[in-house]
4 protein chains.
Amino acid sequence: MARAKVAVVGYGVIGQRLADGVALQDDMELLGVVDVAPTLAIRALHEIGMPYRLYVVAPEQKAAFDALGIPVSGTLDELLDEVDIVLDASPGGVGQKNKAVYEARGVKAVFQGGEKNEIVDVFFHGYANYEKGVGRDYLKLTSCNTTGLIRAVDCLDRAVGCERVIVTIIRRVADPGDTHRGLVDVAQVEPVPNHQAVDLMTIMPHVEATGLLVHVPTTHGHIINVIATLKGEMTKAEALELFAAHPRIRVVRIADGFNSNTSLFRYARDLGHKRADMYEIAVFDETVATSGRELMFAINIPQEAVVIPETMDAVRAALSLQTDRLEAVALTNRYLGLG
Amino acid sequence: MARAKVAVVGYGVIGQRLADGVALQDDMELLGVVDVAPTLAIRALHEIGMPYRLYVVAPEQKAAFDALGIPVSGTLDELLDEVDIVLDASPGGVGQKNKAVYEARGVKAVFQGGEKNEIVDVFFHGYANYEKGVGRDYLKLTSCNTTGLIRAVDCLDRAVGCERVIVTIIRRVADPGDTHRGLVDVAQVEPVPNHQAVDLMTIMPHVEATGLLVHVPTTHGHIINVIATLKGEMTKAEALELFAAHPRIRVVRIADGFNSNTSLFRYARDLGHKRADMYEIAVFDETVATSGRELMFAINIPQEAVVIPETMDAVRAALSLQTDRLEAVALTNRYLGLG
Amino acid sequence: MARAKVAVVGYGVIGQRLADGVALQDDMELLGVVDVAPTLAIRALHEIGMPYRLYVVAPEQKAAFDALGIPVSGTLDELLDEVDIVLDASPGGVGQKNKAVYEARGVKAVFQGGEKNEIVDVFFHGYANYEKGVGRDYLKLTSCNTTGLIRAVDCLDRAVGCERVIVTIIRRVADPGDTHRGLVDVAQVEPVPNHQAVDLMTIMPHVEATGLLVHVPTTHGHIINVIATLKGEMTKAEALELFAAHPRIRVVRIADGFNSNTSLFRYARDLGHKRADMYEIAVFDETVATSGRELMFAINIPQEAVVIPETMDAVRAALSLQTDRLEAVALTNRYLGLG
Amino acid sequence: MARAKVAVVGYGVIGQRLADGVALQDDMELLGVVDVAPTLAIRALHEIGMPYRLYVVAPEQKAAFDALGIPVSGTLDELLDEVDIVLDASPGGVGQKNKAVYEARGVKAVFQGGEKNEIVDVFFHGYANYEKGVGRDYLKLTSCNTTGLIRAVDCLDRAVGCERVIVTIIRRVADPGDTHRGLVDVAQVEPVPNHQAVDLMTIMPHVEATGLLVHVPTTHGHIINVIATLKGEMTKAEALELFAAHPRIRVVRIADGFNSNTSLFRYARDLGHKRADMYEIAVFDETVATSGRELMFAINIPQEAVVIPETMDAVRAALSLQTDRLEAVALTNRYLGLG
């Protein structure tokens with residue numbers, strides 16, 4: 001069977017990782033990445049020999065790349081002739097404009113969390129609602145925090161049922177290297193509920209959710225404290241066993257040195273992962289506690305890479321590569337080396 | 001009636017503020033402050049004209065002060081002759097050694113949160129268990145986080161009863177100007193439960209408590225997300241009303257600009273408060289939410305000054321200045337300009 | 001003689017401090033402060049009893065203050081009837097628009113560093129070029145870094161002459177409480193030369209200047225490393241003596257605990273200074289070194305308050321309160337408690 | 001010819017990178033790495049399949065590894081039987097104790113910057129004084145800052161001669177993931193001169209050097225502003241050309257997005273470098289400026305990996321693999337993919 005033909009539009013923090021993710025899927029083919037200017041990410045791509053073909057949005061953007069000797073293979077318009085689906089990782093809000101282009105060309109697309117739910121057919125999470133995305137044209141992924149959170153909650157929910165979730169999100173306020181946003185010596189509080197709780201309820205309508213979000217001056221991963229009210233009893237050991245069995249969740253111990261968001265980033269560096277990325281969320285063993293039917297646990301969300309697996313799932317769903325949820329996520333996991 | 005004679009031992013972050021607090025109590029007299037070296041805090045005291053008399057612990061420490069022209073009024077030993085009670089704000093663990101000295105001299109003492117519970121008669125909180133401290137010799141205050149947390153929980157508990165508390169503490173990792181501790185780009189996770197939850201249960205044994213603590217790179221106040229299971233129903237409006245009526249709690253709105261720990265610090269600066277301190281904890285209005293009998297709310301704890309009012313209460317209790325809880329805290333509040 | 005009638009337009013970080021500065025000058029009268037919305041700074045002013053009269057720019061802005069019970073005394077237009085001079089501390093660029101209003105009304109004005117040099121008659125520094133401002137209508141202060149830097153360089157220049165200055169500015173990237181700007185785990189480099197060096201040459205055209213500026217994630221003061229090529233020899237001891245004799249410069253020692261920008265902020269807190277502000281720059285004793293005719297030293301610039309004294313000087317110059325430089329700065333210093 | 005047999009003692013931040021560096025040298029053989037406990041770095045090594053053999057220092061340390069299923073190949077004592085040279089990357093001060101062991105066994109060793117100069121025969125820098133290390137038994141590398149600084153100064157010195165260097169070092173205070181050190185909202189000033197200037201003079205005794213060091217709350221690289229007094233004239237273009245031709249120096253442009261220490265870290269991530277490391281220092285093009293015989297420029301020092309190339313040079317020198325400086329560094333560069 002022919003491999004699915006994929007393009008990535010927007011070669012930023014997420015777009016770079018989507019391209020790498022697609023390149024790892026044996027049943028997908030990355031036809032090209034699209035950007036509008038020779039950013040550092042594009043320069044790095046050039047320095048390592050252009051493993052991906054590069055396209056611009058408008059022809060006049062080509063000159064800036066030419067000046068640097070960076071080969072451009074054509075325009076988005078030309079690329080759309082060849083692809084089955086676009087992974088749109090444009091800056092928030094731009095995807096909405098791009099959708100009109102994709103729609104006019106009859107090309108399916110998967111958008112990221114920065115776009116509005118209204119522009120798509122399905123608000124999607126590979127593990128939680130894969131079936132809803134099968135065969136649909138326009139999907140939107142949950143944001144990084146929500147993607148990771150739902151992984152953990154869905155895992156519990158499928159085991160014993162989950163009624164309610166209250167989260168406290170300690171949110172990294174910038175990515176490494178950002179100079180356009182940041183906080184210094186400030187923990188900034190957002191009104192309750194945060195959008196992640198609302199989004200979780202959209203994806204998992206049978207769960208009641210609320211929570212607080214506080215922005216803090218870090219760059220290497222969000223920490224979420226989750227209090228889940230389960231439908232049945234579950235011991236700490238059982239919860240840890242469930243989490244450990246999940247291919248996209250790592251259980252780590254503070255006592256071993258995994259004592260922070262950044263310890264996980266550092267560990268990913270030491271594993272030799274590309275860009276020091278990690279696809280898995282982590283559950284800190286010593287933060288898991290139970291009280292009646294309530295399970296409390298803290299997780300780490302590696303914001304730059306966490307949505308890549310679920311976006312691969314989205315391609316599988318939209319193109320009906322697999323109609324079965326578990327079959328789909330298992331393939332994504334295998335190609336990404338998870339589990 | 002004669003004013004209570006008070007000494008402050010240890011003129012650091014807490015000791016400075018205790019001294020100022022005592023000086024504001026009309027029925028107390030600050031006989032002196034004690035330290036071992038001419039720190040910046042002592043130099044500042046000198047620059048503003050030595051409003052408090054200064055004592056050293058050992059006679060040989062006097063030379064360093066003499067060299068700078070900073071007058072020393074004597075030794076701790078001499079000071080103990082004159083005082084009714086010592087507020088010990090020594091570095092954690094030193095208070096334990098000092099206690100033997102106070103005991104030998106028959107002087108009462110109040111210790112701070114860095115000491116062990118075992119060295120005192122009562123683990124004390126002005127609002128929550130004032131009566132237990134009345135007439136006792138050695139009291140220990142709750143730590144900054146616990147002091148602020150108990151204020152809010154006690155307030156709810158006395159109104160409708162509180163069964164359980166789950167907290168997520170986003171802890172500032174250093175005080176402004178500290179160079180001996182800190183974190184850079186790290187959110188560090190501690191095992192559950194945190195000591196604040198355990199301490200809360202010690203002070204309020206009828207409440208079940210647990211929680212997570214995460215250290216973050218900020219200096220201007222802890223943020224605690226509290227989930228309290230109440231014994232009765234309470235609306236958001238009722239909760240806000242209760243909090244607003246508490247002399248040691250401020251209700252603030254994110255929409256007004258109180259959107260962080262540091263906004264409260266900045267506000268205290270603009271109020272002209274000495275050292276930009278604030279005695280009150282703050283409840284962020286937009287973070288208060290209810291779900292059945294559960295009330296969720298986020299508070300800000302100004303770590304440097306928050307324990308001052310409850311320490312004044314402790315003096316009142318230990319010396320039996322007042323035997324009635326509400327009478328005692330009301331006097332403290334009046335002299336500190338609270339409520 | 002009648003006191004000079006002064007208004008402050010813009011009650012933000014700088015405007016608040018200008019208002020307090022004017023209020024301390026015996027020969028000036030603060031007629032009012034102007035703002036457009038009930039910010040936290042205005043709320044704090046209200047909480048402490050409105051020591052200053054408040055005006056709005058447009059009548060329709062009054063409603064928001066009325067709703068909070070904050071008394072408004074009138075509009076900027078009305079206030080301009082009564083004043084001799086405006087201290088404009090509006091956000092950068094707004095001063096330019098305001099100038100047309102002041103000009104139409106024949107009112108003098110002093111602007112801050114965020115405005116362009118072109119809109120004023122004189123780019124002003126109290127110590128370095130007071131005479132140029134005497135009797136002029138529109139003056140602009142140097143920015144915080146430049147103000148502090150020129151203090152030190154002018155001090156050396158008047159003693160032995162200064163030919164050249166090379167600076168490395170380690171710039172705090174936000175003020176305490178800012179949530180609209182910041183950096184996390186980033187030291188951001190600007191192209192050489194920085195504007196401070198260029199500005200220094202504008203004020204002191206006989207000095208050649210250049211330098212590097214690096215933004216770092218701190219809020220409590222800039223650090224500048226200065227390498228000054230002097231016209232004559234000067235020992236470290238002589239340099240320290242000169243600096244120590246300057247009323248707007250403090251000489252501090254790392255060995256005493258003044259080991260950082262934030263140690264000075266903390267010291268100002270402990271001195272009981274309003275808002276923990278400091279008008280003086282600090283020279284770190286142990287960073288002063290000589291090499292032939294080159295003098296190297298590091299200074300701390302308290303960015304929020306450092307321009308207040310020189311702005312008071314500007315009022316004196318513009319209104320010809322004093323025509324003599326030293327007489328003028330001496331009066332400012334006396335009223336601000338400097339020296 | 002047989003490959004040089006190398007051991008790495010201490011598998012921390014530097015030791016891990018030394019091991020990888022040795023593994024890349026075709027004429028060296030990494031016989032094993034030594035550590036005392038299953039740190040995260042060792043766990044990562046295990047997770048990726050133990051590409052290096054692991055040894056413990058004391059036999060009783062083996063149990064902890066056994067418990068985790070991490071294979072241990074023996075003890076340091078056994079490893080010393082087989083190796084020609086040890087790269088000691090133990091915590092500062094431990095190397096001194098280890099030296100006695102190496103000496104007793106007649107094994108050569110290269111130490112890192114945390115050890116004292118007194119314990120070695122030569123204080124070494126691959127480019128600046130390679131010849132001094134040839135055939136010697138015990139070498140010590142310059143620290144990360146000094147290593148990078150000397151690269152740039154030596155490059156200028158060999159071209160036109162350098163008389164004097166004044167540096168301002170903006171030092172990252174912790175490595176990513178560190179929880180045992182850090183600063184929050186503080187720029188901490190050290191007395192002049194910093195040890196890097198003193199070290200530079202030790203390696204390059206014909207250059208006079210001094211400078212200031214300021215610790216700032218970042219983790220991704222030091223920034224050094226260098227003012228070099230050259231013996232001849234050099235234009236900015238010539239300086240950039242020299243730097244660009246150096247295999248261990250990158251010239252980057254702020255205008256292209258290389259505007260901070262962290263932009264370089266991010267770029268290394270995007271290049272797919274292991275651990276997001278970079279061996280090269282970077283010169284920021286727009287910070288290079290001249291004034292007579294003085295050349296000013298700012299460099300970025302990637303503190304975790306910068307010493308690896310010069311340590312490989314040290315092996316070449318100590319074992320007399322090459323006696324010619326340029327031949328030696330060229331081989332190191334080729335195997336590390338530099339230039």
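Helix axes here are lines fitted to C-alpha atoms, taken for helices over the stretch in contact, and angles run from 0 to 180 degrees between N-to-C directions. The model is predicted: local features need pLDDT of at least 70, side-chain atom pairs count only at pLDDT 80 or more, and totals for chains, interfaces and linings use all residues. Residues are numbered from 1 along each chain as its sequence is written, and chains are lettered from A and ligands numbered from 1 in the order in which they are written.

**Helix packing in chain C**

Helices (H or I, at least four residues) and strands (E, at least two) are DSSP runs numbered from the N terminus. In chain C, helix α6 (residues 126–133) packs against helix α11 (residues 307–318) at an angle of about 20°, and their axes are 9 Å apart. This makes α6(C) roughly parallel to α11(C), since angles under 35 degrees count as roughly parallel, over 145 as roughly antiparallel, 65 to 115 as roughly perpendicular and the rest as oblique. The crossing of α6(C) and α11(C) is right-handed; a crossing has that hand if the near helix is turned clockwise from the far one by less than a right angle, and is left-handed if anticlockwise.

Two residues are in contact if their C-beta atoms, placed from the backbone, lie within 7 Å. From α6(C), C:G126, C:Y130 and C:G133 meet C:P309, C:E310, C:D313, C:A314, C:A317 and C:A318 of α11(C). The residues of this contact of α6(C) with α11(C) comprise five nonpolar, two polar and two charged. In this classification Ala, Val, Leu, Ile, Met, Phe, Trp, Tyr, Cys and Pro are nonpolar, Asp, Glu, Lys and Arg are charged, and the others, Gly among them, are polar.

**Domains of chain A**

Chain A is split into domain 1 (4–142 + 307–336) and domain 2 (144–301), with bounds from an automatic or database domain assignment. The C-alpha centres of domain 1 and domain 2 of chain A are 26 Å apart. Their contact takes 17 residues from domain 1 of chain A and 16 residues from domain 2 of chain A. On the domain 1 side, the elements giving two or more residues are α1 (13–24), α6 (126–133), α11 (307–318) and α12 (325–336) of chain A. The largest share of that side, four residues, is from α11(A). By class, the domain 1 side that touches domain 2 of chain A has nine nonpolar, five polar and three charged residues.

**Chain pairs**

Copies are superposed by least squares on the C-alpha atoms of residues with pLDDT of at least 70 in both. A rotation of 180° with 0.0 Å of shift along its axis places chain A on chain B (RMSD 0.0 Å). That is the relation of a two-fold axis. A rotation of 180° with 0.0 Å of shift along its axis also superposes chain C on chain D (RMSD 0.0 Å).

| Contact | Residues in contact |
|---|---|
| chain A with chain B | 34 residues of chain A, 34 residues of chain B |
| chain C with chain D | 34 residues of chain C, 34 residues of chain D |

On the side of chain C that touches chain D, the elements giving two or more residues are β9 (162–172), β10 (188–189), β11 (208–216), β12 (222–230), α10 (261–270), β15 (289–291) and β16 (294–301) of chain C. The largest share of that side, four residues, comes from β11(C). Its residues divide into 19 nonpolar, 13 polar and two charged. Of the interface residues of chain C, 100% are also interface residues in chain D, so the copies meet through the same surface. For chain A, 100% of the interface residues are also interface residues in chain B, so these copies meet through the same surface.
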